[in-house]
Amino acid sequence: MQKAHRSLISALGLSLLLATGQVFAQDSSKEADKVNEQQIKQELSKWAIIGQRQIVYLTEKAVDQYESTLLDDKPNMPGAWMLMKDGKTVKHISIDDQAGDAPAQVRILMYRAALKSIARRGEITAAAILYTGKVKEGSDEKALVIEHEHRLGISGNKVIPYEVKNGKVLYGEAVTSEKPFQMFYDSKKEAAAQRAKNAK
């Protein structure tokens, strides 16, 4: 009887030990999941910072080149620039031969189509289209509009009020808002999936 009692206690002890081992294994598994989640978040934020820096770099270069258009008395036509895969080379796109006398709105559509074609082939990192408009409907205050997208899933519009004084362009405070993806992706979901893929 005592032997049976001892073997029962041993069996209970063993099963308790196994159960405890499973709990520890589950706990360590949860800890590993938390660590993985933190690493993914860190990776994502790192990529987001890189993407933002590259967008800033591209838009600065594009604005520098586009500024002469703002000083011109002629109606302003849109312009487009792209950041190549090396993250440093910025190229201007010219559609003048194809666009002919097309109005600004049509040219914007043509730039979007051209940049989408290049972006979907994986040839560029970021793209920007610059054009002018009014700050508000019925207002005479002019604004520079910058549509920008990045392959890391960043897409936005920047609206910057400006005025020309003594041959110089003076910029106001920029307002940035999100915009639908049009060049690199078809949706936010697709962009998020790409960001997650980059983080791995």
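In which sense do strand E1 (residues 79-84) and strand E2 (residues 90-93) pair, and over how many bridges? In this predicted model, the two strands pair in the antiparallel sense, and four bridges join them. One of the residue pairs concerned is Leu83 with Val90, the latter being the bridge partner in E2. The two strands form a hairpin in which five residues lie between E1 and E2. Within that turn, Gly87 adopts a positive phi of about 75°.

**Overall architecture**

The chain contains four helices and seven strands. Along the sequence these elements are arranged in the pattern α-β-β-α-α-β-β-β-β-β-α. Of the 200 residues in the chain, 32% are buried. When contacts between residues at least 6 apart in sequence are considered, 54% join residues at least 24 apart.

**Selected residues and their accessibility**

| Residue | Relative accessible area | Class |
|---|---|---|
| Ser155 | 10% | buried |
| Arg107 | 7% | buried |
| Gln105 | 58% | exposed |
| Asn166 | 82% | exposed |

**Helix H3**

Gln105 and Arg107 both belong to helix H3, which spans residues 104-120. Gln105 counts as exposed because its relative accessible area of 58% is over 50%. The C-alpha atom of Gln105 is separated by 8.4 Å from that of Pro78, although the two residues are 27 apart along the chain.

Arg107, by contrast, counts as buried because its relative accessibility of 7% is under 20%. Leaving aside residues up to four places away in sequence, Arg107 touches Met77, Pro78, Ile95, Asp96, Ala99, Gly100 and Ala102.

Strand E5 covers residues 154-165 and includes Ser155. This serine is buried, with a relative accessible area of 10%. Which backbone oxygen does the side chain of Ser155 reach at 3.1 Å? The atom concerned is the backbone oxygen of Lys179. A polar atom of the Ser155 side chain also lies 3.4 Å from the backbone oxygen of Pro180. Both Lys179 and Pro180 are among the residues that Ser155 touches, together with His148, Glu149, Glu178 and Phe181, when residues up to four places away in sequence are not counted.

Asn166 is located in the loop between E5 and strand E6 (168-171). Phi of Asn166 is near 50°, a positive value in a residue other than glycine. Is Asn166 buried or exposed? With a relative accessible area of 82%, Asn166 is exposed.

**The second largest pocket**

The second largest pocket has a volume of about 170 Å³. Its lining consists of Leu70, Leu71, Asp72, Asp73, Lys74, Asn76, Thr132, Gly133, Lys134, Lys142 and Tyr162. Helix H1 (2-71) and strand E3 (124-134) each contribute at least two residues to this lining. Which element gives the most to the lining? Strand E3 does, with three residues. Classified by type, the lining comprises three nonpolar, three polar and five charged residues. Among the residues of the lining are the aspartates Asp72 and Asp73 and the lysines Lys74, Lys134 and Lys142.

Note on methods
Residues are numbered from 1 along each chain as its sequence is written. This is a predicted model: local features need pLDDT of at least 70, side-chain atom pairs count only at pLDDT 80 or more; totals for chains, interfaces and linings use all residues. Side-chain values use heavy atoms; hydrogens and water are left out. On a 1 Å grid over the protein atoms alone, a cavity is a set of points where a 1.4 Å probe fits but cannot get out, and a pocket is an open set with protein on both sides within 12 Å along at least five of seven lines; lining residues have an atom within 4 Å of a point. Grid points are joined across faces, edges and corners, and a volume is the space filled by probe spheres set on the points. Ala, Val, Leu, Ile, Met, Phe, Trp, Tyr, Cys and Pro count as nonpolar, Asp, Glu, Lys and Arg as charged, and the others, Gly among them, as polar. Buried means under 20% relative accessible area, exposed over 50%, partly exposed in between (1.4 Å probe, protein chains only). A polar contact is a pair of N or O atoms within 3.5 Å; within protein, one must be able to donate a hydrogen and the other to accept it, and residues adjacent in sequence count only if both atoms are side-chain atoms. Contact means heavy atoms within 4.5 Å. Two strands pair if DSSP finds at least two bridges between them.
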